[in-house]
Amino acid sequence: MLFNKKQKDRQLILLDENGFLLASCDSIFSTKNLRREPVFKDFPLVESIFPKVITMGLSDPKLRFSKIETTFGGLNGFYDFTFMRTDIDHRNPILWTILDYTRLYEDYYRSQQERQELAIAKELLRKV
């Protein structure tokens, strides 16, 4: 089954055609309080792209969004979201994968900042 193996850096969520949560492995955050209504209230990005997502077919490529920061309390950091159709028992729910790249993106931003500071320092030394 799709949700047998938990990985703390990846969460798999199944959504129906209306944005209701069907299942989740809850590896990164608990979805217990998200089951009463569509996930749109807590994830505005999902609401904004959902019209495209529900028109996807099984053979369509994944929709991928990188470096997402959310306002949802359980997701503090940077995440990649992917959306695709999947076939489970002849139904075609939407598979939403959340990948936690917080550490990777933070390291990248820190490295980028250090390079910029080094470039500024070199420029200042040339002027002396």
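I started with phenylalanine 50, which counts as buried at 4% relative accessibility. A reminder to myself before going on: this is a predicted model.

**Entry: an aromatic pair at helix 1.** I searched the whole structure for aromatic pairs and got nine. One of them joins phenylalanine 40 and phenylalanine 50; the ring centres are 5.0 Å apart, the planes stand at 65 degrees, and the pair is edge-to-face. I then looked up where the two partners sit. Phenylalanine 40 lies in the loop between strand 2 (21-24) and helix 1, phenylalanine 50 lies in helix 1, and the two are 10 residues apart. Phenylalanine 40 has 17% relative accessibility, and since buried means under 20%, phenylalanine 40 counts as buried too.

**Entry: a second pair.** Next I turned to phenylalanine 43 and phenylalanine 72. Their ring centres are 4.9 Å apart with the planes at 35 degrees, so I noted this pair as tilted. It links distant parts of the chain: phenylalanine 43 is in the loop between strand 2 and helix 1, while phenylalanine 72 is in the loop between strand 3 and strand 4, 29 residues apart. Both partners are buried, phenylalanine 43 at 2% relative accessibility and phenylalanine 72 at 15%. I was pleased to find both again in one aromatic cluster, made up of Phe29, Phe43, Phe65, Phe72, Phe81, Phe83 and Trp96.

**Entry: the faces of helix 1.** Which residues of helix 1 (residues 44-53) are buried? I found Val46, Ile49, Phe50 and Val53. Looking down the helix axis, I see these buried residues within an arc of 140 degrees, so they line one face of helix 1. Ser48 and Pro51, on the other side, are exposed. I also checked what the buried residues pack against, and the list is strand 1 (10-15), strand 3 (63-68), strand 4 (79-85) and strand 5 (94-100).

**Entry: strand 5.** That list made me curious about strand 5. Six of its seven residues are buried, so strand 5 is largely enclosed by the rest of the structure. I looked up its pairing next. Strand 1 runs antiparallel to strand 5, with six bridges between them; leucine 12 has threonine 97 of strand 5 as its bridge partner. Strand 4 is also antiparallel to strand 5, this time over seven bridges, and I noted methionine 84 opposite leucine 95 of strand 5.

**Entry: aspartate 80.** Staying in strand 4, I stopped at aspartate 80. Is this residue buried or exposed? Aspartate 80 counts as buried, because its relative accessibility is 1%. Its side chain reaches the backbone nitrogen of lysine 67 at 3.0 Å. Setting aside neighbours within four places in sequence, I listed contacts of aspartate 80 with Arg64, Phe65, Ser66, Lys67, Thr97, Ile98, Leu99, Tyr101 and Tyr105.

**Entry: tyrosine 109.** My last stop was helix 2 (residues 102-127), where tyrosine 109 is found. Tyrosine 109 counts as partly exposed, at 34% relative accessibility. What does tyrosine 109 touch, not counting residues up to four places away in sequence? I found Lys67 and Phe78. Lys67 was already in my notes as a contact of aspartate 80. I also took the C-alpha to C-alpha distance from tyrosine 109 to proline 61: they are 29 Å apart in space and 48 residues apart in sequence.

How values were computed: Residues numbered from 1 in each chain as written. Predicted model: local features only at pLDDT ≥ 70, side-chain atom pairs only at ≥ 80, totals over all residues. Heavy atoms only, no water. Buried < 20%, exposed > 50% of the residue type's maximum accessible area, 1.4 Å probe, protein only. Helix = DSSP H or I, 4+ residues; strand = E, 2+ residues; numbered from the N terminus. Arc of directions from axis to C-beta. Contact = heavy atoms within 4.5 Å. Phe/Tyr/Trp six-rings, centres within 6.5 Å; stacked < 30°, edge-to-face > 60°. Pairing = 2+ DSSP bridges. Polar contact = N/O pair within 3.5 Å; in protein donor to acceptor, adjacent residues only side chain to side chain.
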